[in-house]
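Me: I would like to go through the helix packing and the charged pairs of this model. Could we start once it is on screen?

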Amino acid sequence: MPVETEDGFQKELVELFVQEAHEWLQQIHVALDELQQAPESGRHRSLAQTIKVGITNLGGSAATVNLTDVERASFSALPFVEALQDPSAQISSDDFLALCKQLGHIHGALTRATGVAFESAPSQVPEAGTPATIPTEELLTLLHGLQMKSSLPGTIPRNLIRTITAQAESLIQRGTGQYQIASIQEFLDRSAEGDQGFLALVQQHERHLTDILQALTADGISTQGASTDLLMGVERVAQLWSAAQQVNASQAMTFFMGLHSFLTIVSQQRVAISAQSMEAVQSRLVQCVQAVEEWVESGRAERLAIQGVLFP
């Protein structure tokens, strides 16, 4: 492989790794936010495992692209995650603080290694003193009212209100009468970050995927086998599929799952595709991007509604 081609391929791999890293960190932070709400034992174990898997995947992928500092920082965080695994153990705010600091080290290592800004914003850690709270019963009343409004015809359903509602109901079942308002804002901030990150990823890949689909329409599949661009397109769609799962964008997830299967079959079996069929796929891609934009706007409106009743 020529040096120029090899360097270009490595750059592509690093770019894909950066996208994956953002997704894993988003998932880790969201899980950590909920873990600090003292969920029931089964949920606690699930969240702790999510954090552990995310950090392990991050370190493993960093190793594959030779980012050794990121790899070391990631695997160095695992002992801090182990301290949070057992829901029956006494978990202090210092345990959460230690993990948050280690996540900050991972953010820093990623920024230095890739040149991409990974904002070091670890999950909120309980501070000394009594944080601002709202009675959990009052919070549920407000959320149920918002849930009815969000279910009106013409709205795109999101799970933000439902998620906070489920957490509040869990707290009531365990006899906790107060809900930390700051943790709600943290959850909303993470949600907004995830939505914008997913939309940016979709918009970034749309152009590349459109070029690939247009090339297939014009030239078909090379008799020498699938092109590098097509194989990279399959990888890009896999990234989008995974990202849609991370933010629970079900409609986009279904589309990218289907597109991934389609491009995989084309690349492996060299299936002949009519121009009309390819134009239909391109049209579906445009529609999907528009749907994601509407989905993000729906999330923004839902966050504003939540903030409107909690932070008047």
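Me: How are H2 and H3 oriented, roughly parallel or roughly antiparallel to each other?

Reply: H2 and H3 are roughly antiparallel to each other, a label for angles over 145 degrees, with under 35 counted as roughly parallel, 65 to 115 as roughly perpendicular and the rest as oblique. Their axes come within 8 Å and cross at roughly 160°. Axes here are lines fitted to C-alpha atoms, for helices over the stretch in contact, with angles running from 0 to 180 degrees between N-to-C directions. The helices themselves are DSSP runs (H or I, at least four residues; strands are E, at least two), numbered from the N terminus.

Me: What should I know about the origin of the coordinates and the numbering?

Reply: This is a predicted model, in which local features need pLDDT of at least 70 and side-chain atom pairs count only at pLDDT 80 or more, while totals for chains, interfaces and linings use all residues. Residues are numbered from 1 along each chain as its sequence is written, and side-chain values use heavy atoms, with hydrogens and water left out.

Me: What about Asp 69?

Reply: Asp 69 forms a salt bridge with Arg 72, with 2.4 Å between the closest N and O atoms. Both lie in helix H3 (residues 68–76), three residues apart, which is about one turn of the helix.

Me: Which residue does Arg 303 pair with?

Reply: Arg 303 pairs with Asp 195 in a salt bridge, the closest N and O atoms being 3.1 Å apart. The two are 108 residues apart and link distant parts of the chain, Arg 303 in helix H11 (residues 275–310) and Asp 195 in helix H8 (residues 181–219).

Me: Is Arg 303 buried or exposed?

Reply: Arg 303 counts as buried because its relative accessibility is 7%, buried meaning under 20% relative accessible area, exposed over 50% and partly exposed in between (1.4 Å probe, protein chains only). Asp 195 also counts as buried, at 2%. Elsewhere, Arg 72 counts as exposed at 51%.

Me: Where does H7 meet H11?

Reply: Leu 160, Ile 161 and Ile 164 in H7 meet Gly 299, Glu 302, Arg 303 and Ile 306 in H11. By class, that contact has four nonpolar, one polar and two charged residues. Helix H7 (residues 160–173) and H11 pack at an angle of about 45°, with their axes 9 Å apart, and they are therefore oblique to each other.

Notes. A salt bridge is a side-chain nitrogen of Lys or Arg within 4 Å of a carboxyl oxygen of Asp or Glu. Contact means heavy atoms within 4.5 Å. Ala, Val, Leu, Ile, Met, Phe, Trp, Tyr, Cys and Pro count as nonpolar, Asp, Glu, Lys and Arg as charged, and the others, Gly among them, as polar.
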